[in-house]
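Dear colleague,

I am passing on the structure we spoke about, together with notes on what turned up in it. Please look it over before reading on.

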Amino acid sequence: MELLPNQVSPYYTNLLNKLAFAASSSNENTEERQEAAEAFVAINRQCTPSKAEEHVEENELADPLGAKLYQKTDRLIHQYKNRCLLLTTSKCFTYCRFCFRRSFAGKGTGFINSTEMAEVSDYLSQHPEIKEILISGGDPMTGSDQKLNALFYAIRKARPGILIRLCTRAPIFAPERFTPETIDLLKKYAPLWVIPHINHPVEISQKWSPKSYEVLTQLIQNGIPIQSQTVLLHGINDNVKTLTSLFENLVFMGIKPGYLFQTDLAEGTSHFRVPLEKGKELYAELKTELSGLSLPVYAVDLPGGGGKINIMATKFEREGQNWKTVDQNGKEWFYPV
């Protein structure tokens with residue numbers, strides 16, 4: 001198993017430094033020092049490599065979502081009837097240590113070129129049932145405005161009106177990437193949603209991460225809709241207080257919390273995985289704390305290509321060291337306890 005690169009963006013590094021300083025500063029009161037110390041642990045754990053990554057469980061997979069089963073070109077994955085996924089690049093601003101696409105991320109695959117995009121455009125033209133395209137990677141925002149414009153233009157030419165979902169951690173890792181020109185570019189290609197990955201309230205805090213807060217607010221003020229996604233992570237956000245704060249703050253900003261994801265079975269990520277039963281209990285508690293507007297869907301991608309399911313709406317049975325569910329075609333799928 002190849003390990004992810006050890007790379008943390010300057011902005012996220014600065015956030016870590018601010019939290020570390022506040023946690024040890026005599027200028028802060030005890031409560032503020034404790035807040036900063038807890039947030040530092042959560043933020044640092046997301047981006048700092050550990051020896052635990054070298055341990056691979058028997059049930060962990062190089063391709064945990066079974067994406068290769070649905071790959072139509074080198075860059076395009078079409079698993080669900082009405083939407084597809086485009087892998088624009090393997091490059092990220094920061095490499096999350098729990099990444100489920102670790103066999104691709106950071107492996108030197110550059111931004112999608114015109115030849116590769118021509119194959120994607122041809123496929124989109126032949127499949128009118130596709131109504132949405134997820135632009136992902138890596139992080140597509142590592143590409144320049146010029147590259148993004150060419151990408152969006154090609155998509156619009158092949159399929160006018162298709163909804164673009166821009167999946168990115170740039171608002172959190174590199175908010176400086178969103179210049180006024182970049183925001184104008186995104187507005188130009190509506191309907192376009194930004195789908196930021198946000199795991200902890202400190203990542204959108206006006207106090208600790210003001211640039212991230214400002215950028216997300218600017219996107220909303222410019223009419224760009226945003227729906228977030230969050231991964232449930234042991235030692236980072238697996239408690240009611242943290243998640244309640246995160247989802248409430250998102251809604252107050254005008255961002256709809258979309259998904260709370262159970263961690264995928266990527267190799268070397270078992271130390272991040274919250275047991276499914278604990279996750280369900282945690283989610284049940286969240287339902288008593290949050291409104292329907294603030295509550296995301298608790299979901300998991302069934303290992304090996306079973307697709308995304310709503311955990312709380314799915315019947316699971318305990319079978320040995322796994323939870324088992326049966327899909328509408330009678331096929332059994334398993335997720336470890």
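A residue is called buried here when its relative accessible area is under 20%, exposed when that area is over 50%, and partly exposed in between. By that cut-off Arg165, at 17% relative accessibility, counts as buried, whereas Glu132, at 21%, counts as partly exposed. Please keep in mind throughout that this is a predicted model.

As for the chain in general, its secondary structure comes to nine helices and 12 strands, and its C-alpha trace spans about 60 × 55 × 40 Å along the principal axes. The radius of gyration is 20 Å, which agrees with the value near 20 Å that a compact globule of 337 residues would have. Of these 337 residues, 52% count as buried, and among contacts between residues at least 6 apart in sequence, 75% join residues that are at least 24 apart. The chain exposes about 15,200 Å², of which carbon and sulfur atoms supply 51%. Its charges number 37 positive and 38 negative, and the mean positions of the two sets are 5 Å apart.

A search of the whole structure finds 12 salt bridges, and a few besides the one above deserve a description. The side chains of Arg75 and Glu116 meet in one of them, with an N to O distance of 3.2 Å. Arg75 lies in the loop between α2 (30–47) and β1 (76–80), while Glu116 belongs to helix α3 (residues 114–126), so the pair ties together parts that are 41 residues apart in sequence. Both Arg75 and Glu116 are buried.

Another salt bridge brings together the side chains of Lys278 and Asp238, again described by an N to O distance, here 3.2 Å. Since Lys278 is in helix α9 (residues 276–289) and Asp238 is in the loop between β6 (227–231) and α8 (240–253), this pair ties together parts that are 40 residues apart in sequence. Lys278 counts as partly exposed because its relative accessibility is 36%, whereas Asp238, with a relative accessible area of 12%, is buried.

Glu53, Arg97 and Arg102 are linked in a network of salt bridges. Glu53 lies in the loop between α2 and β1 and, at 2% relative accessibility, counts as buried. If residues up to four places away in sequence are not counted, Glu53 touches Met1, Leu3, Thr48, Arg97, Arg102, Gly268 and His271.

Finally, which residues are in contact with Thr109, leaving aside its neighbours within four places in sequence? They are Arg75, Thr89, Ser90, Lys91 and Phe104, and Arg75 is the residue that meets Glu116 in the salt bridge described above. Thr109 itself lies in the loop between β2 (83–87) and α3 and is partly exposed, with a relative accessible area of 28%. The C-alpha atoms of Thr109 and Gly138, which are 29 residues apart along the chain, are separated by 9.2 Å.

With kind regards

Key
Residues are numbered from 1 along each chain as its sequence is written. This is a predicted model: local features need pLDDT of at least 70, side-chain atom pairs count only at pLDDT 80 or more; totals for chains, interfaces and linings use all residues. Side-chain values use heavy atoms; hydrogens and water are left out. Helices (H or I, at least four residues) and strands (E, at least two) are DSSP runs, numbered from the N terminus. The radius of gyration is taken over C-alpha atoms; the globule rule is 2.2 Å times the number of residues to the power 0.38. Buried means under 20% relative accessible area, exposed over 50%, partly exposed in between (1.4 Å probe, protein chains only). Contact means heavy atoms within 4.5 Å. Accessible areas come from the Shrake-Rupley method with a 1.4 Å probe; for residues, only the protein chains shown count as cover. Lys and Arg count as positive and Asp and Glu as negative; His and the chain ends are not counted. The place of a charge is taken as NZ of Lys, CZ of Arg, CG of Asp or CD of Glu. A salt bridge is a side-chain nitrogen of Lys or Arg within 4 Å of a carboxyl oxygen of Asp or Glu.
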